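Student: I have a new structure to go through. Can you walk me through it?

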Amino acid sequence: MIRIKFFKSGDLLKGFECKGHSMSAPSGQDIICAFVSSACYMTANTVTEIIGLEAQTAVDDGYMRLEITGSAESAQDILSGMKLHLTELQKDYPENIKVIITEV
């Protein structure tokens, strides 16, 4: 199962951690993993490269983490969009995706 944990501080999303595999198909053919990976990479790249916010990041096989270290106000639209996207995917694939919101 893919678990996506969003970090929230008050009303602001500060980042996310995504880990695991959906195990819905063989590696390279798993569209659920591709959906989630694409959303994570787009969000992380937008936050760091387009918006230009400083963040702690980590990437490994089946793992990605992004935590904004300064003000996260300008990243709320992209993080909220990612959360909505993955929450909707979770409805379609409840055995493969779990979205969690945690206070930091």
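**Salt bridges and overall fold**

Tutor: The side chains of E67 and R65 meet in a salt bridge, at 2.6 Å from N to O. A salt bridge here is a side-chain nitrogen of Lys or Arg within 4 Å of a carboxyl oxygen of Asp or Glu. This is a predicted model, in which local features need pLDDT of at least 70, side-chain atom pairs count only at pLDDT 80 or more, and totals for chains, interfaces and linings use all residues. Residues are numbered from 1 along each chain as its sequence is written, and side-chain values use heavy atoms, with hydrogens and water left out.

Student: How many salt bridges does the count come to?

Tutor: The count comes to three salt bridges. In another of them, E17 pairs with R65 at 3.3 Å, N to O. That pair links distant parts of the chain, with E17 in strand β2 (residues 12–19) and R65 in strand β4 (residues 63–68), 48 residues apart. Helices (H or I, at least four residues) and strands (E, at least two) are DSSP runs, numbered from the N terminus.

Student: E17, buried or exposed?

Tutor: E17 counts as buried, at 11% relative accessibility. R65 is partly exposed, with a relative accessible area of 24%. Buried means under 20% relative accessible area, exposed over 50%, and partly exposed in between, with a 1.4 Å probe and protein chains only.

Student: OK, and which residue forms a salt bridge with K91?

Tutor: K91 pairs with E88, and their closest N and O atoms are 2.9 Å apart. Both lie in helix α2 (residues 76–92), three residues apart, about one turn of the helix. K91 is exposed at 56% relative accessible area, while E88 is partly exposed at 37%. Salt bridges that share partners join E17, R65 and E67 into one network.

Student: Changing topic: what pattern does the protein follow along the sequence?

Tutor: The pattern reads β-β-α-β-β-α-β, and the secondary structure comes to two helices and five strands. The radius of gyration is 13 Å, close to the 13 Å that the globule rule gives for 104 residues, so the protein is as compact as a globular protein of that length. That radius is taken over C-alpha atoms, and the rule is 2.2 Å times the number of residues to the power 0.38.

Student: What share of the residues is buried?

Tutor: Of the 104 residues, 37% count as buried.

Student: And how far is M1 from K19 in space?

Tutor: M1 and K19 are 8.3 Å apart, C-alpha to C-alpha, and 18 residues apart in sequence. M1 is in the segment before β1 and is partly exposed, at 33% relative accessible area.
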